[in-house]
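Hello,

Here is the structure I promised to pass on to you. My notes on what turned up in it follow just below.

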Amino acid sequence: MRVGVLRPGVWVVSDPGAALDPAGNEARGYKCCTDPKTDPFDCFAKSDLHREVDYQPADRYWTFQWIETGIFLALSGAARRVRAWWLRRRTA
């Protein structure tokens, strides 16, 4: 999904990137709200420019936690089996 940068309750997984016009082209120069005298948030609010980011919704937090736990348990189990095999081979 693509949303605005300031959406509350989400985990942003990409950099905000450049300002884009309605056609999706990168806006540069005076269109890009880069004048140091103007507030960039006001400029974006008044213009048709936007930024796009990739995010994961907050309700997927525990899903990711369980996936990560499973990966680490599998890796630790594999490391334990390798260690046991290596110790048996060394002592025999």
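Phenylalanine 72 is found in helix α2, where helices are DSSP runs of H or I with at least four residues, strands are runs of E with at least two, and both are numbered from the N terminus. With a relative accessible area of 52%, phenylalanine 72 is exposed; exposed means over 50%, buried under 20% and partly exposed in between, with a 1.4 Å probe and protein chains only.

Please keep in mind that this is a predicted model: local features need pLDDT of at least 70, side-chain atom pairs count only at pLDDT 80 or more, and totals for chains, interfaces and linings use all residues. Residues are numbered from 1 along each chain as its sequence is written, and side-chain values use heavy atoms, with hydrogens and water left out.

Phe72 also belongs to a nonpolar surface patch of about 710 Å², together with Trp11, Val13, Phe64, Ile67, Ile71 and Leu75. Patch residues have over 30% relative accessible area and no salt bridge; like charges are joined within 9 Å, and nonpolar side chains (Val, Leu, Ile, Met, Phe, Trp, Tyr) within 5 Å. A salt bridge here is a side-chain nitrogen of Lys or Arg within 4 Å of a carboxyl oxygen of Asp or Glu. Helix α2 (residues 61-91) gives the patch its largest share, 5 residues.

Now to the rings. The whole structure holds 1 aromatic pair. Its members are tyrosine 61 and tryptophan 62, and the pair is edge-to-face because the ring centres lie 5.0 Å apart with the planes at 85°. For reference, rings of Phe, Tyr and Trp (its six-membered ring) pair if their centres lie within 6.5 Å; planes under 30 degrees apart count as stacked, over 60 as edge-to-face and the rest as tilted. Tyrosine 61, which lies in helix α2, is partly exposed at 45% relative accessibility, whereas tryptophan 62 is exposed at 57%. The C-alpha atom of tyrosine 61 is 9.6 Å from that of valine 10, 51 residues away along the chain.

As for the overall picture, the protein has 2 helices and 3 strands, in the order β-β-α-β-α from the N terminus. Of its 92 residues, 10% count as buried.

Finally, confidence: pLDDT (the predictor's confidence in each residue, from 0 to 100) averages 78, and 78% of the residues score at least 70. The mean is lowest in strand β1 (residues 2-3), at 40, and highest in α2, at 95.

Best wishes

Key
Areas by Shrake-Rupley, 256 points an atom, 1.4 Å probe, with all protein chains shown as cover.
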